[in-house]
Amino acid sequence: MCLPLISGKANRNELAGRVPSETFMLMDEKWMHSNVTEGLVELQPRPWFRPRMLSPVLCSDLAALEPEYTEADVISTVEFNQTGEFLATGDKGGRVVIFQREPQGEYNVYSTFQSHEPEFDYLKSLEIEEKINKIRWLPPHNPAHFLLSTNDKTIKLWKVSERDKRAEGYNLRDEEGRLKDLSTITTLQVPVLRPMDLLVEASPRRVFANAHAYHINSISVNSDCETYLSADDLRINLWHLNITDRSFNIVDLKPENMEDLSEVITVAEFHPHHCHLLAFSSSTGTTRLCDMRAQALCDQHAKMFEEVVDPSRRSFFSEIVSSVSDVKFSHSGRYLLTRDYLTVKVWDLNMENKPVETYQVHDYLRTKLCSLYESDCIFDKFECAWNGTDSVIMTGAYNNYFRMFDRASRRDVTLEASREVCKRRAVLQPRRVCVGKKRKDTDVSVDSLDFRKKILHTAWHPKENIIAIAASNNLYIFQDRLTPNGHHNTPEIQSAPPK
């Protein structure tokens with residue numbers, strides 16, 4: 001499967017309300033104030049990589065863009081809604097930016113609002129960051145849109161709605177909204193609605209707080225559309241969307257003596273179809289499937305998915321790299337996708353003892369684990385994603401690379417999402433990381449990888465071949481190119497030549 005590229009023309013006036021994304025779109029937090037020039041990026045054909053989804057690209061002039069950015073600008077989560085019409089991003093500054101896809105395929109900035117502010121817990125003398133850890137959309141039931149956003153401690157339910165009319169002709173207030181002197185009112189009039197410019201409003205409808213003693217790492221909306229879960233290092237709570245003052249604890253891993261603590265919860269998610277099933281993974285590399293019909297407290301799992309490691313191959317880093325950083329149910333609900341530090345695995349819910357598929361993301365880093373441990377990179381949490389048909393999976397890597405795996409053909413491709421490849425007349429082509437001597441000029445040595453550049457957050461459109469990639473403060477959107485008859489190409493990954 002080959003991923004797209006890029007196209008479009010834009011000037012500063014157009015960018016204020018329009019972001020072309022006919023395939024590959026580059027944006028940063030200050031994109032609306034940047035001088036953007038027209039450019040073209042092409043995917044260089046290679047014998048083993050068939051470029052079937054190409055388009056021209058909107059390319060930013062890197063010299064004109066501001067190279068510096070603050071920590072608050074770094075994107076911390078990316079999420080499509082259930083239809084794929086909207087894409088929400090959250091950053092470390094507590095901001096949420098929502099993009100809307102137009103019929104022409106362009107993504108416009110739809111709404112921007114401040115979701116969380118920095119706080120301070122005076123009882124524990126603890127600073128609470130405003131960073132958005134997760135965003136989850138609620139299924140749409142009316143013209144308004146609802147989403148959950150969370151930082152380390154507080155979850156908020158936001159309503160995003162449109163307003164294109166305003167009421168005029170009030171009896172008790174003047175045109176500026178000030179109260180009139182009642183003695184001056186001699187007649188009554190019926191207020192009327194007048195057209196106005198479209199206004200998108202974001203308002204907090206619920207605030208769910210004070211339920212977690214540790215940092216929240218996951219939220220997941222249930223298929224019943226009434227409840228959701230939130231998980232921290234040791235507990236998972238079940239909430240009702242209309243009740244903010246209490247939640248129900250369904251998983252509790254906290255031992256009586258904290259010295260006996262052997263694992264922590266890293267991620268949790270509800271099943272897409274069965275409201276009684278949920279899965280959560282831990283730092284030991286296990287993924288547990290829980291059935292809430294069996295008992296109220298789901299400390300006893302229904303199934304546990306764990307791959308046994310040969311004791312002779314265990315090392316100091318074995319448990320660290322086996323920690324699961326993300327888990328996703330397939331759209332069909334049949335499979336589980338888990339991501340640890342070095343691999344991404346597909347599990348069949350009917351087989352617990354081993355994964356049905358294992359893909360090496362960056363196996364060339366096994367010899368670098370010691371230095372990665374010293375720099376704390378070994379604790380990075382990479383996300384993973386399914387495509388709409390569960391046939392292709394995607395996950396991020398270092399050096400702003402991201403990997404895609406075709407499940408049917410077992411073929412894979414490595415692509416780069418970075419501002420450097422978006423220079424005018426630049427060439428975007430598949431990348432290959434080599435351990436030894438470079439065989440081609442385009443090869444990248446493992447020793448030259450930049451571990452500060454990493455793709456941790458990814459999302460895939462639920463119905464089409466559109467992906468969103470977050471790399472530091474930049475958002476990249478890839479979309480397959482339309483054929484002359486108006487249909488999308490079928491993604492295809494070609495195998496690499498034998499080494």
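1. How many bridges join strand β22 to strand β23, and in which sense do they run? Strand β22 (residues 335–339) and strand β23 (residues 343–348) run antiparallel and are joined by 5 bridges. Within this pairing, Leu 337 has Val 346 of β23 as its bridge partner. Strands here are DSSP runs of E with at least two residues, helices are runs of H or I with at least four, and both are numbered from the N terminus. Two strands count as paired if DSSP finds at least two bridges between them.

2. On provenance: the model is predicted, with local features requiring pLDDT of at least 70 and side-chain atom pairs pLDDT 80 or more, while totals for chains, interfaces and linings use all residues. Residues are numbered from 1 along each chain as its sequence is written, and side-chain values use heavy atoms, leaving out hydrogens and water.

3. The chain contains 34 strands and 3 helices. Of its 499 residues, 51% are buried (under 20% relative accessible area with a 1.4 Å probe, protein chains only; exposed is over 50%, partly exposed in between). Among contacts (heavy atoms within 4.5 Å) with a separation of 6 or more, 56% involve residues 24 or more positions apart. The accessible surface is about 24200 Å², and carbon and sulfur atoms contribute 49% of that surface; the areas come from the Shrake-Rupley method with a 1.4 Å probe.

4. Strands β22 and β23 belong to an open antiparallel sheet of 4 strands, ordered β21-β22-β23-β24. Its edges are β21 (326–329) and β24 (357–360), each pairing on one side only. Neighbouring strands are turned against each other by 15 degrees on average, direction ignored; the axes are lines fitted to C-alpha atoms, and angles run from 0 to 180 degrees between N-to-C directions.

5. A second open antiparallel sheet of 4 strands has the order β25-β26-β27-β28. The edge strands β25 (384–386) and β28 (412–416) each have a single partner, so one side of each lacks a neighbour in the sheet. The twist from one strand to the next averages 20 degrees. Strand β26 (residues 392–396) pairs with strand β27 (residues 401–406) through 5 bridges, running antiparallel, and Val 392 stands opposite Asp 406.

6. Strands β14 (residues 227–231) and β15 (residues 235–240) pair in the antiparallel sense over 5 bridges, and a hairpin of 3 residues joins them. Leu 229 stands opposite Leu 238. β15 also runs antiparallel to β16 (residues 248–252), with 4 bridges; there, Ile 236 has Val 251 as its bridge partner.

7. There are 19 aromatic pairs (rings of Phe, Tyr and Trp, the last by its six-membered ring, with centres within 6.5 Å; stacked under 30 degrees between planes, edge-to-face over 60, the rest tilted). Tyr 228 and Trp 239 are stacked, at 6.2 Å centre to centre and 5 degrees between the planes. This pair links strand β14 to strand β15, with the two residues 11 apart. Both Tyr 228 and Trp 239 are buried.

8. Tyr 373 and Phe 379 form a tilted pair, at 6.0 Å and 50 degrees. Tyr 373 counts as partly exposed because its relative accessibility is 33%; Phe 379 does so at 43%. Ring pairs connect Phe 316, Phe 317, Tyr 373 and Phe 379 into a cluster.

9. Finally, a charge–ring contact. The charged end of Arg 407 sits over the ring of Tyr 335, 4.7 Å from its centre; the criterion is NZ of Lys or CZ of Arg within 6 Å of the ring centre and within 35 degrees of the ring normal.
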